[in-house]
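Let's take a walk through a protein and look at how its charged side chains pair up. Have the sequence and the 3D view ready as you read.

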Amino acid sequence: MELKKIEDSFLNVSGNIYDSEFINLVNIQNDKIALDDNTVFLSDNVKDDLNSNIIENYQNCVYVFEHHGIYGIVCDVPIEEYNKGNIRNHELVIPETVQGMLSNFYGYNGEAAPTLLLHENKIDLRSITNKKEYVVSKKIGDINIFVYEGKIAEEILENYGKINNMFIGDGHHRMYTTSLTEFKGKVLSCIVSIEYISLLPIHRKLKEVSEDEFIKALEFIKNKFSVEECLRSTKVEKGFVKLIFKNDCFLIKLIDLNSDAFWNNDVYRLNTQIINQAFRIFDFSRVNYLSPFEKFEKLNNDLILELSELPRDEFINAAESNSILPPKSTWMSYKFPSLLIMSLYQ
């Protein structure tokens, strides 16, 4: 696996930590964040706050970070590694998202949030940081950042040269979209060992389900599936889905298919057996994706479908066998913050 130093990067030293999902791309001018009227999804006040962040420029460097005992690096990954199949994709990309990203690439000049790449090898980054051969170290929030340049940065990257394959934990669309462009040949990436990662479920919310629609779907489910009433606090195990609608809560056993682990993936079966067949929903614009940390206090007419987490071995097997799972199959934790390390690409 070939990894690269970041040619032109910026470290946000303001002390502000932004959610990993906040913003993926950024404009930087004269060593400052310069979001303007083209960023229409942010208010002027938010853009003013972001533009006032203090950032420091580092060139031809590699970043090592430590966060609550989790170690990893942030560097550039040549898109050729993805094109050659060395970086394995395990989730389906959505064409509409790819289209939007392609146009956005030309409207910005830097990446603000790294993709998450996972590997199975164990690399002792703690010992590397203990040698104190970094150019500078910063504690930003509760994240320790170490900046390496020159020969030491190259030696850090050499540790990853023996890795044959990495898996995309987060950033499938960014990797795929970059592979379609001609001017952006690299992807800012956060690289960590899979031992540090928790694979959490992404729940589904069906918006504005009518009482009649629910009754018909529930009748279908009770005729086709093993169903029992449960509490909202009931833990969902693999092979099951929990359905919550108003005051009703049911645990549904998904139907096992006479196939391999891919076809018996819970998200695939939820989509086909429950959302498609029971609710007759084929337009997934009615489906919202919820993080595993989201609370379901006031549902109104929305219906929640809760899943269990994807087993780690199932995730690795899917990636290694090039089995493409449905979008939003897994929520990866840890995710590196947005706007902490930024990389210019044009």
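A salt bridge here is a side-chain nitrogen of Lys or Arg within 4 Å of a carboxyl oxygen of Asp or Glu. Searching the whole structure turns up 20 salt bridges. This is a predicted model, where local features need pLDDT of at least 70, side-chain atom pairs count only at pLDDT 80 or more, and totals for chains, interfaces and linings use all residues. Residues are numbered from 1 along each chain as its sequence is written, and side-chain values use heavy atoms, leaving out hydrogens and water.

Start with Glu21 and Lys335, whose closest N and O atoms are 2.9 Å apart in their salt bridge. Glu21 sits in the loop between strands S1 (6–12) and S2 (25–26), while Lys335 is in the loop between strands S21 (331–333) and S22 (341–344), 314 residues apart. (Helices, H or I with at least four residues, and strands, E with at least two, are DSSP runs numbered from the N terminus.) Glu21 is partly exposed at 41% relative accessibility, but Lys335 is buried at 16%. Buried means under 20% relative accessible area, exposed over 50%, and partly exposed in between (1.4 Å probe, protein chains only).

Next up, Lys186 and Asp76 meet in a salt bridge at 3.8 Å, N to O. Lys186 belongs to strand S13 (residues 186–193) and Asp76 to strand S6 (residues 70–78), so this pair ties together parts 110 residues apart in sequence. Both Lys186 and Asp76 are buried.

Finally, find Lys238 and Asp266, which form a salt bridge with closest N and O atoms 4.0 Å apart. They also belong to a network of salt bridges that links Lys238, Lys253, Asp256, Asp266, Arg269 and Glu314.
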